[in-house]
Amino acid sequence: MSKNSKSKNNSEGKRDFLIISTYTMAGIGAAAVAWPLIDQMNPAADTLALASTEVDLSSLEEGQAITVTWRGKPVFVRHRTPEEIKLAKEVSLDDMRHPETDEERAPNEKFIVLVGVCTHLGCVPLGQKSGDVKGEYGGWFCPCHGSHYDHSGRIRKGPAPTNLAIPSYEFLSDNLIKIG
Amino acid sequence: MSKSKFKNPVVKWIDHRLPIFSFMDHELNHYPTPKNLNYFWNFGSLAGFALVTMIISGIVLSMNYTAHVDYAFDSVERIMRDVNHGWLIRYIHMNGASFFFIVVYIHIFRGLYYGSYKAPRELLWILGVLILLLMMATAFMGYVLPWGQMSFWGATVITNLFSAIPFVGESIVTWLWGGFSVDNSTLNRFFSLHFVLPFVIVGVVILHLVALHRFGSNNPIGIDVRGTQDTLPFHPYYTIKDLFGLGIFLTFFSSAVFFFPNFMGHPDNYIEANPMVTPAHIVPEWYFLPFYAILRAIPDKLGGVLFMFGAIAVLFILPWLDRSPIRSSQFRPIFKFFFWVLLLDCILLGYLGAMPAEGIYVILSRIATAYYFFHFLVLFPLLPYIEKTKPLPISIAEPILSGGATASAFAVREKK
């Protein structure tokens, strides 16, 4: 009896091993099949190749702003006035939701470059055109849910959790930047 | 609920209200299946697998495809070069179509050989022929979508078949095109139909399965199951057998996808469609070649179209053309001989369809076409009157227990 039950246990152990290893291999196979089907929805090679934009700032006067497209999103470039720069630099960071100094955000203080997408739910804030509402802090104002950004693009009031993002960019010359 | 066979309380709760688990248990687990099925009975589940593969890869491709004459060709090339794993998904879809037809043709010839179309499975067979027709329409329209030269001229030639209809033919073709030639409107509607028809196929496949499960599978001996001693539960016996067959199928399928992805295609379809220039030698995809050969064999426009569609129409009425009560050709020596003749005839037609329509090929096409219709329309109805059939075994178990298919087959085996 004990011998019988022992051999039964052995064969059951062998069967369990076979079943578990079969299911494991099937699972790995299913994942390997699923991955290409999922990954095809990620950006394709030609989409990734469109990743940089050059902007000429020579005709941008003080106080003016332009919006350019980068990766299908608006990028704001504003040529700030000395007063605006002063305001952005002198304000206290203590009561900011996402404290960042203006030096961190604008290496070249004359030009602030921002991804023009509200960090709340993705609307494009107002403030690029001369007649636009610029919000209580004089920078940008998102009309969707009322987020106010200052001259440095920092969130000061409203539901947005973080400051407007800064794209990676570099100055190729005094008046030419390459975004991306 | 107390009698429920399920232990899991969630399954039990759902099954009491929506007996989906009982249904699956009944149709996929206990479902009694003749115990003498051979590997030719694997091809139904393989066809189902191919259908699902085509639908999944197709949905994914449609996410990256643009149905417009100016962008279609480039969007397919973008899939091949830029979309992540796009080449793999497209090659699966391209070769999947061919493999779908391979397994379905084997499935159909299995049905012919073992008489699976006979009472009480006539509707099961007819639904199957309907699936074949839908597959052909879907495959044809799918081949148009890459908008290569073969796509364009295939679409032109096939839609022009309808112009053979007397009086209204031209109007019908204009209606099919949505214009005066194959153009953007044609491409858009073909894309729409190519997307939706596979789901229609799924619907007919479900009916096909309902009809199958009414009386269960036929079997190599072709006599009715007499009781539980003749059957096995579907799971695990046939699930594991189907899975093993699937493994073999996938070996072939993967070989094609990874090593010979364009073997069954035409290089001309990698040239963008040009409505001004027809390629020198246009042929349809291989799975249409036998029908194409029949079309070209008839020296009359309307006649050719009628015979081509007639080649499928005879399949619809096959259950009433074959008057013999004996299903399996194992017991019908003459029928069995002519089955192989028919198979060779279809292969010959396929070969002839790929050859240019001139000289000996035309004559051979006519002979092969004549035989095809002779087989269905003359041989099938007449054979029962002249054929001396072999004795049927008493039960499915009998030839297994006695070690041979029949007494005579047993004797043959003894001699060896």
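Over all chains, the count comes to 42 aromatic pairs. Here a pair means rings of Phe, Tyr and Trp (its six-membered ring) with centres within 6.5 Å; planes under 30 degrees apart are called stacked, over 60 edge-to-face, and the rest tilted. Bear in mind that this is a predicted model, where local features need pLDDT of at least 70 and side-chain atom pairs count only at pLDDT 80 or more, while totals for chains, interfaces and linings use all residues. Residues are numbered from 1 along each chain as its sequence is written, chains are lettered from A and ligands numbered from 1 in the order in which they are written, and side-chain values use heavy atoms, with hydrogens and water left out.

Let's start with one pair. (Helices are DSSP runs of H or I, at least four residues, numbered from the N terminus.) Y105(B) is buried at 16% relative accessible area, whereas W286(B) is partly exposed at 27%. Those words mean under 20% for buried, over 50% for exposed, and in between for partly exposed, with a 1.4 Å probe and protein chains only.

Elsewhere, ring pairs link Y117(B), W125(B), F307(B), F335(B), Y372(B), F373(B), F376(B) and F380(B) into a cluster.

Rings also meet charges. The charged end of R110(B) sits over the ring of W41(B), 4.6 Å from its centre, and R214(B) lies over the face of F215(B), at 4.8 Å from the ring centre. The rule asks for NZ of Lys or CZ of Arg within 6 Å of the ring centre and within 35 degrees of the ring normal.

Finally, have a look at S365(B), which lies in helix α15 of chain B. With a relative accessibility of 7%, S365(B) counts as buried. What is S365(B) in contact with, leaving aside its neighbours within four places in sequence? The partners are A293(B), A297(B), L349(B) and L352(B), where contact means heavy atoms within 4.5 Å.

Methods: Helices (H or I, at least four residues) and strands (E, at least two) are DSSP runs, numbered from the N terminus.
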